Amino acid sequence: MSEADQLKALRVRIDSLDERILDLISERARCAQEVARVKTEHLGEGETAVFYRPEREAWVLKHIMDLNKGPLGNEEVARLFREIMSSCLALEQPLTVSFLGPEGTFTQAAALKHFGQAVISKPMAAIDEVFREVVAGAVNFGVVPVENSTEGAVNHTLDSFLEHDIVICGEVELRIHHHLLVGDTTKTDHITRIYSHAQSLAQCRKWLDAHYPNVERVPVASNADAAKRVKSEWNSAAIAGDMAAQLYGLSKLAEKIEDRPDNSTRFFVIGSQEVPPTGDDKTSIIVSMRNKPGALHDLLMPFHQNGIDLTRIETRPSRSGKWTYVFFIDFVGHHQNPLVKDVLEKIACDAVALKVLGSYPKAVL
Ligand SMILES: O=C(O)C(=O)C[C@]1(C(=O)O)C=C[C@@H](O)C=C1
């Protein structure tokens, strides 16, 4: 058979498969509409329907990854199902999600990775504004950065948890690839200034020292803001990611310039909804201890005794007294788990204050 004939036959098969896939997706979407109807029908007095179910979404994605036999990789297959579910949920209830803006930031990329493209995403100028939008009920959820594998904690986020009553409903992990971006009019031999967020400049410090040792590094509010500035300046470049490059029509002078190839950022999804256990969860708490010798030891001991894995511990000034501190702790397990409950009860005996910020499914993707 000629190449043309072989291609024709294969494309006939692809067309017929696409038709079957479309039928199945439509059937799934109708099922989701039914789910919405059932959820609304069985509401008690004063109850509101909970359409977004992160614990169920985590299960669906994991189930698909377990079943996957290739040739598409697990992440690829989960990404496709992520989008199908996102569109199905939008039929039940269109979600609005605020994020640390402007458009094109890594936080927006994290929001879309977690919720899929069918959400309405709303950029906010500062982390605290993301929190306030959620508390005010102006949006369903918010997404904020919490820690970077190279640069450590995002203190603005931690401090906002001290000020707002909010629930952590999810976590997102995003590999962060930085590129050196230039505009159409940039004279690439005459770059005198490189804009980026301070954290991104720090994440590319060695690369900049090696390639642009004498160029001024200018920290700005966000990577997207850096990309926006470069459009109108012939002598500057920006360090930012793919989304910002696409959004502002910039090209890559150098790709993946982060010093550590595993550079990633972790984000929290914040809202007002408690998430039931999935069997593979994490919990985040804030604890303030009395200022006495051995306080940190007393705090950590119950975790050790009950075999609970700590995944992060961070200290911040408490704001209620000079030289007093609060601890932000993340650990494996759900706060409804009896072993975790026992740890929390033990800590509460010694602590000045203890707040469970939320239990949520471990990031699947
Ligand atoms: O199972 C549900 O509760 C649904 O609403 C269905 C569905 C889905 O499409 O699979 C949609 C949205 C939820 O966040 C979880 C799952």
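Start by selecting the shell around the ligand: Arg28, Val35, Lys39, Phe51, Tyr52, Arg53, Arg56, Glu57, Met85, Cys88, Leu89 and Glu92, each with a heavy atom within 4 Å of it. Before you zoom in, note that this is a predicted model, where local features need pLDDT of at least 70, side-chain atom pairs count only at pLDDT 80 or more, and totals for chains, interfaces and linings use all residues. Residues are numbered from 1 along each chain as its sequence is written, and side-chain values use heavy atoms, leaving out hydrogens and water.

Now colour that shell by class. You get six charged residues, six nonpolar and no polar ones (Ala, Val, Leu, Ile, Met, Phe, Trp, Tyr, Cys and Pro count as nonpolar, Asp, Glu, Lys and Arg as charged, the others, Gly among them, as polar).

Next, show polar contacts (N or O pairs within 3.5 Å). Click Glu92: a side-chain N or O atom sits 2.6 Å from a ligand oxygen. Over at Arg28, a polar side-chain atom is 2.8 Å from an oxygen of the ligand. For Arg53, pick the backbone instead, where a polar atom lies 2.9 Å from a ligand oxygen.

Then go to cartoon view. Helix 1 (3–41), helix 2 (54–67) and helix 3 (74–92) each give the shell at least two residues, with helices being DSSP runs of H or I, at least four residues long. Helix 3 supplies the most, four residues.

Finally, select 1–96, which UniProt (unreviewed entry) labels "domain: Chorismate mutase"; such annotations may be inferred rather than shown by experiment. That span is 75% helix and 1% strand, and its end C-alpha atoms lie 53 Å apart (strands are DSSP runs of E, at least two residues).

Definitions and conventions: Polar contact = N/O pair within 3.5 Å; in protein donor to acceptor, adjacent residues only side chain to side chain.
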